[in-house]
Amino acid sequence: MKASNFLKENNARHMWHPMAHPKDSQHNPPKIITSARGVRLCDIDNHQVIDAVGGLWNVNLGFSSDPVKKAIAEQLEVLPYYSTFRGTTNDAIIELSYELSEFFAPDGLATAFFTSGGSDSVETALRLARQYHKINGEPGRVKYLSLKKGYHGTHTGAASVNGNANFRAAYEPLLPGCFHIPAPYTYRNPFNESDPAKLAQLCVAALENEVAFQGANTIAAFIMEPILGAGGVIVPHDTFMPMIREVCTRHGILLIADEVIAAFGRTGAWSGSRLWGVQPDMSCTAKAITNGYFPFGAVMLSQQIVEVFENDSTAAGFIGHGYTYSGHPVGAAAALACLKETRRLNVPVNAAARGTQMYEGLNQLQTKYEMIGDVRGGKGLMTAIELVSDREKKTPLDKKTTGAIQDAIYNNGVMVRISGPNMILSPPLIIDEGDIGKILSAIDSALESVMS
Ligand SMILES: Cc1ncc(COP(=O)(O)O)c(C=O)c1O
């Protein structure tokens with residue numbers, strides 16, 4: 001590796017960073033992370049921090065999962081790549097498809113289509129939804145519905161169903177035929193409704209209205225995250241996803257669960273859909289499927305969808321979709337090891353317990369700091385606080401102050417993610433009680449110092 005001064009001089013000089021302004025990255029160079037162990041990162045200045053971001057919601061088993069590393073290394077030795085395009089496959093991906101069909105059986109999902117990440121998975125699900133309806137004799141079902149505040153990645157299809165203007169405006173016009181309904185976001189919503197159960201009903205009524213307005217027979221799918229992640233950890237009321245399921249079923253609309261964050265334990269359940277007792281028609285996964293060690297994803301399909309495709313005797317069922325890295329053997333080996341480890345460690349149990357600890361700790365901090373406008377979480381290790389400069393008016397805290405808070409927390413030994421006024425906390429699911437305590441006290445002293 002090149003010397004530190006070389007790395008610092010060239011930091012953000014010859015590359016653009018995702019979700020950042022190139023000029024800003026040059027003025028405020030990104031932190032250079034050089035190594036990681038367990039739940040801790042080490043930067044180029046040898047500063048150690050707990051990673052309360054969990055990579056990017058993906059390093060569920062932490063940075064030292066030897067079985068996953070070993071599986072990757074061994075697979076690289078034996079078969080580093082081969083395609084799964086028509087005519088060839090590989091042993092690792094066959095085994096993984098079997099394991100995933102077992103893992104997702106309680107969600108009513110049977111068959112996998114492999115991808116290279118979350119945006120790919122969403123794109124795949126959106127495309128297959130349209131194709132499903134075409135094969136099924138309803139070619140007019142081409143539109144997509146989704147939630148405002150939802151995040152589904154950055155491909156054009158995914159950006160079109162995204163519910164956050166920051167990821168859309170610069171790239172418009174996006175895909176036609178995409179419509180959004182209000183999110184079950186209790187802190188801010190167009191109905192001024194603070195009761196989560198009532199808000200859930202109002203959002204579902206908005207969905208019903210939109211379906212009636214568009215015409216049910218024009219809508220291919222509704223896509224949602226079981227818990228909205230990047231939008232600021234919006235946890236809907238228990239009744240929300242089941243009600244959405246019912247509306248979709250009644251109108252012949254496919255329900256796509258975007259489980260890119262939620263699947264494999266993060267919510268304290270094995271999947272986000274299972275948390276709410278819902279069986280989706282498709283589920284998009286990625287991220288923790290390989291613990292973030294290899295770019296990989298899978299879209300899981302319900303038996304009903306599979307049958308429509310597999311019983312098709314015309315060319316309509318031909319899947320003219322796929323990626324060079326669909327079914328990558330190294331990704332498959334990583335995912336197999338990951339699934340085994342995730343089950344062995346029974347990670348949802350720890351995610352639920354530590355998630356509760358984090359949520360309760362943040363609620364306590366809210367009683368101390370006016371600038372914590374809202375605390376969201378309580379379902380596994382997906383937690384956020386929304387920072388405001390005026391609690392009454394709910395004025396979002398300015399970027400300069402949120403940045404100063406983030407820096408102070410980092411100096412106190414914890415990496416957190418700031419997205420707009422939200423501080424998002426999604427550490428590895430193997431984190432222990434002591435480290436959650438350290439995250440909370442790092443936030444506590446940072447808020448204290450910024451206030452004074
Ligand atoms: C719910 C959800 N869907 C899709 C994506 C996109 O995944 P990727 O960044 O791997 O393309 C993300 C990424 O954070 C996500 O949180």
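By class, the shell around the ligand holds 6 nonpolar, 6 polar and 2 charged residues; here Ala, Val, Leu, Ile, Met, Phe, Trp, Tyr, Cys and Pro count as nonpolar, Asp, Glu, Lys and Arg as charged, and the others, Gly among them, as polar. The model is a predicted one, in which local features need pLDDT of at least 70 and side-chain atom pairs count only at pLDDT 80 or more, whereas totals for chains, interfaces and linings use all residues. Residues are numbered from 1 along each chain as its sequence is written. The chain is assigned a domain 1 (31–61 + 346–451) and a domain 2 (67–344), with bounds that come from an automatic or database domain assignment.

**Ligand shell**

- Gly117, Gly118, Ser119, Gly153 and Val260 come nearest among the 14 residues around the ligand; a residue is near a molecule or strand if its C-beta atom, placed from the backbone, lies within 6 Å of it.
- Helix 6 (residues 118–135) gives the most to this shell, with 3 residues. Helices (H or I, at least four residues) and strands (E, at least two) are DSSP runs, numbered from the N terminus.

**Domain contact**

- The centres of domain 1 and domain 2, taken over C-alpha atoms, are separated by 27 Å.
- Contact involves 28 residues of domain 1 and 27 residues of domain 2, two residues being in contact if their C-beta atoms, placed from the backbone, lie within 7 Å.
- On the side of domain 1 that touches domain 2, at least two residues each are supplied by helix 3 (54–57), helix 13 (347–368), strand 11 (372–376), strand 12 (383–390) and strand 16 (422–425). Helix 13 gives the most to that side, with 5 residues.
- The residues of that side of domain 1 comprise 12 nonpolar, 11 polar and 5 charged.

**Helix 12**

- Helix 12 (residues 329–344) has 16 residues, which at 1.5 Å a residue should span 22 Å, and its end C-alpha atoms are 22 Å apart, in agreement. The expected span of a helix is 1.5 Å times one less than its number of residues.
- Buried residues in helix 12 include Pro329, Val330, Gly331, Leu336, Cys338 and Thr342. A residue is buried if 20 or more other C-beta atoms lie within 10 Å of its own, exposed if 12 or fewer, and partly exposed in between, with C-beta atoms placed from the backbone.
- Helix 4 (66–78), helix 5 (91–103) and helix 13 are among the elements that cover the buried residues of helix 12.
- Asn346, which follows helix 12, has a positive phi, near 45 degrees.

**Strand 5 and its partners**

- Strand 5 (residues 143–147) is mostly covered, with 5 of its 5 residues buried. Lys143, Leu145 and Leu147 point one way from the strand, while Tyr144 and Ser146 point the other way.
- Strand 5 runs parallel to strand 7 (residues 219–224) and is joined to it by 4 bridges; two strands pair if DSSP finds at least two bridges between them. Leu145 has Phe222 as its bridge partner in strand 7.
- Strand 5 also runs parallel to strand 6 (residues 178–181), again through 4 bridges. Here the bridge partner of Ser146 is His180.

- An open sheet is formed by 4 strands in the order 1-2-3-14, with mixed pairing. Strand 1 (33–37) and strand 14 (414–415) stand at the edges with a single partner strand each, so one side of each is left without a neighbour in the sheet.
- Strand 2 (residues 40–43) and strand 3 (residues 48–51) run antiparallel and are joined by 3 bridges. Leu41 has Val49 as its bridge partner in strand 3.
- Asn46 lies in the loop between strand 2 and strand 3. Asn46 has a positive phi of about 70 degrees although it is not a glycine, and counts as exposed, with 9 C-beta neighbours inside 10 Å.

**Other loop residues**

- A cis peptide bond, with omega about 5 degrees, joins Glu172 and Pro173; Pro173 is found in the loop between helix 7 (156–161) and strand 6.
- Lys287, in the loop between strand 9 (282–285) and strand 10 (297–302), has a positive phi near 40 degrees. Lys287 is buried, with 28 other C-beta atoms within 10 Å.
- Phe191, in the loop between strand 6 and helix 8 (196–214), is partly exposed, with 13 other C-beta atoms within 10 Å. Phe191 touches Leu199 and Leu202, not counting residues up to four places away in sequence.
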